[in-house]
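User: I have a model open on my screen and would like to talk it through with you. Could you take my questions as they come?

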Amino acid sequence: MTKFLLAVHVLAAIVAVGPVTVAASMFPPAARKALAAPEDAGAAGTVRLLHRICQVYAAVGIAVPVFGFATAGAMGVMGDPWLIASIVLTVLAAGVLLVLVLPRQEVLVEGRGARETTVQLAMFTGMFNLLWATVTVLMIVRPGSTTGA
Ligand code: HEM
């Protein structure tokens, strides 16, 4: 059962967080291009599509902490410091995505943003990527853990 839960947890991280990382990273330059060429319907379409990918896969990404907690419960590692640190960083990453990244993308999709918005967005997207990459390393290294390799 633990192996099944862990497999779903890791699959969800790959399938959901991966696309968000790529689409969110592509968004600021795409938005800049669309701002520079307002008559280019293709550029606006790309920006809309990238935002949609971020939204949909962020929702699918809820499976990552859900199955993460289920795995931690089954393994009896709920109080481990590496896990608590991962949970805090996951909450921070989700907060950055929901509060700082997605609303700014929306502003740009609706044509209300400026070049400055794309610069801020690139910074917050970088923060999001760094946070969840740190969580992934913590999940694999598990400093202080005596379970597994
Ligand atoms: C609330 C948040 C999370 C919890 C409670 C959680 C819990 C866990 C647990 C208990 C394991 C098993 C570790 C072991 O084998 O000893 C694990 C593994 C793993 N988690 Fe998470 N996780 C969370 C978030 C994340 C996030 C955000 C990512 C990446 C986007 C992630 C990626 C991974 C990976 C790649 C492994 C496999 C590590 C390995 O077995 O070597 N987890 N997680």
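This is a predicted model: local features need pLDDT of at least 70, side-chain atom pairs count only at pLDDT 80 or more; totals for chains, interfaces and linings use all residues.

User: Where is arginine 142 found, and what is its phi?

Analyst: Arginine 142 is found in the segment after α5, and its phi is positive, about 45°, although the residue is not a glycine. For context, most residues other than glycine have a negative phi.

User: OK, now the iron. Which protein atoms are its donors?

Analyst: The protein donors of the iron atom of the ligand are NE2 of His9 and SD of Met139, which lie 1.9 to 2.0 Å from the iron.

User: What arrangement do the donor atoms make around the iron, and why is it called that?

Analyst: It is octahedral, because the six donor atoms around the iron atom subtend angles of 82 to 180°. As a reference point, the ideal angles for six octahedral donors are 90 or 180 degrees.

User: And where do histidine 9 and methionine 139 lie along the chain?

Analyst: Histidine 9 belongs to helix α1, which covers residues 2–36, and methionine 139 belongs to helix α5, residues 115–141, so the pair ties together parts that are 130 residues apart in sequence.

User: Buried or exposed, those two?

Analyst: Histidine 9 counts as buried because its relative accessibility is 11%, under the 20% limit for that class, whereas methionine 139, at 27%, counts as partly exposed.

User: What else does the side chain of histidine 9 lie close to in terms of polar atoms?

Analyst: A polar atom of the histidine 9 side chain lies 2.8 Å from a nitrogen atom of the ligand, and a polar atom of that side chain also lies 2.7 Å from the backbone oxygen of valine 64.

User: How many residues surround the ligand, and which are the closest?

Analyst: There are 24 residues surrounding the ligand, and the closest are His9, Met75, Thr136, Met139 and Arg142.

User: Which helices supply that shell?

Analyst: At least two residues of the shell come from each of α1, α3 (63–75), α4 (81–109) and α5, and the largest share, seven residues, comes from α3. The space that the ligand takes is also the largest pocket.

User: Changing topic, what is the fold made of overall?

Analyst: The protein has five helices and zero strands, so that, as these elements are defined, they run α-α-α-α-α from the N terminus on. Along the principal axes, the C-alpha atoms fill a box of roughly 60 × 25 × 20 Å, and buried residues make up 33% of the 149 residues in the protein.

User: What about proline 38, where is that found?

Analyst: Proline 38 is found in the loop between α1 and α2 (41–60), and with a relative accessible area of 68% it is exposed. Glycine 111 is 73 residues away from proline 38 along the chain, and the C-alpha atoms of the two are separated by 9.1 Å.

User: Back to α5, then. Is threonine 125 buried or exposed, and what does its side chain reach?

Analyst: Threonine 125, which lies in helix α5, counts as buried because its relative accessibility is 2%. The side chain of threonine 125 reaches the backbone oxygen of leucine 121 at 2.7 Å.

User: How far apart are leucine 121 and glycine 18?

Analyst: Their C-alpha atoms are 18 Å apart in space, and the two residues are 103 residues apart in sequence. Glycine 18 has its place in helix α1, and at 23% relative accessibility it counts as partly exposed.

Methods:
Residues are numbered from 1 along each chain as its sequence is written. Side-chain values use heavy atoms; hydrogens and water are left out. Donors are N, O and S atoms within 2.8 Å of the metal (3.2 Å for Na, K and Ca); water is not among the atoms, so sites may look incomplete. Four donors count as tetrahedral if all angles lie between 85 and 135 degrees; four count as square planar and six as octahedral if opposite donors are over 155 degrees apart and all others between 65 and 115; anything else is irregular. Helices (H or I, at least four residues) and strands (E, at least two) are DSSP runs, numbered from the N terminus. Buried means under 20% relative accessible area, exposed over 50%, partly exposed in between (1.4 Å probe, protein chains only). A residue is near a molecule or strand if one of its heavy atoms lies within 4 Å of it. A polar contact is a pair of N or O atoms within 3.5 Å; within protein, one must be able to donate a hydrogen and the other to accept it, and residues adjacent in sequence count only if both atoms are side-chain atoms. On a 1 Å grid over the protein atoms alone, a cavity is a set of points where a 1.4 Å probe fits but cannot get out, and a pocket is an open set with protein on both sides within 12 Å along at least five of seven lines; lining residues have an atom within 4 Å of a point. A molecule sits in a cavity or pocket if more than half of its atoms lie within 2 Å of its grid points.
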